[in-house]
Amino acid sequence: MAERRNEKLLVVFVGFLLLFNYPLLSIFDRREIWAGFPVLYFYMFFVWLMMILALWIIVRKHKK
């Protein structure tokens, strides 16, 4: 059971590492402003929030 959780955590880590890598960050690095903030800030905050939620779900499911 712990092996399965470790595999899921590794997949999530690699996936979000790719989301924070240069090619995707350059897509959102524009001069466009949303609600007074650059689009890149919204992208980074959204990905960061999704990472926390994904880790929480994986750890919570396997604690029971």
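**Aromatic pairs and overall form of the predicted chain**

The structure holds 4 aromatic pairs, a pair being two rings of Phe, Tyr or Trp (its six-membered ring) with centres within 6.5 Å; planes under 30 degrees apart count as stacked, over 60 as edge-to-face and the rest as tilted. One of them joins Trp 34 and Phe 42, a tilted pair at 6.0 Å centre to centre with 40 degrees between the planes. Trp 34 is partly exposed at a relative accessible area of 41%, and Phe 42 is partly exposed at 34% (buried means under 20%, exposed over 50%, partly exposed in between, with a 1.4 Å probe and protein chains only). Another tilted pair consists of Phe 45 and Trp 48, at 5.6 Å and 45 degrees. Phe 45 and Trp 48 lie 3 residues apart in helix 3 (residues 39-63), and are therefore separated by about one helical turn. Trp 34, Phe 37 and Phe 42 form one aromatic cluster.

The model is predicted: local features need pLDDT of at least 70 and side-chain atom pairs pLDDT 80 or more, whereas totals for chains, interfaces and linings use all residues. Residues are numbered from 1 along each chain as its sequence is written, and side-chain values use heavy atoms, without hydrogens and water.

The chain comprises 3 helices and 2 strands, taken as DSSP runs numbered from the N terminus (helices H or I, at least four residues; strands E, at least two). Their order along the sequence is α-α-β-β-α. The radius of gyration is 15 Å, well over the 11 Å given by the globule rule for 64 residues, so the chain is more spread out than a compact globule; the radius is taken over C-alpha atoms, and the rule is 2.2 Å times the number of residues to the power 0.38. Buried residues make up 16% of the 64 residues.
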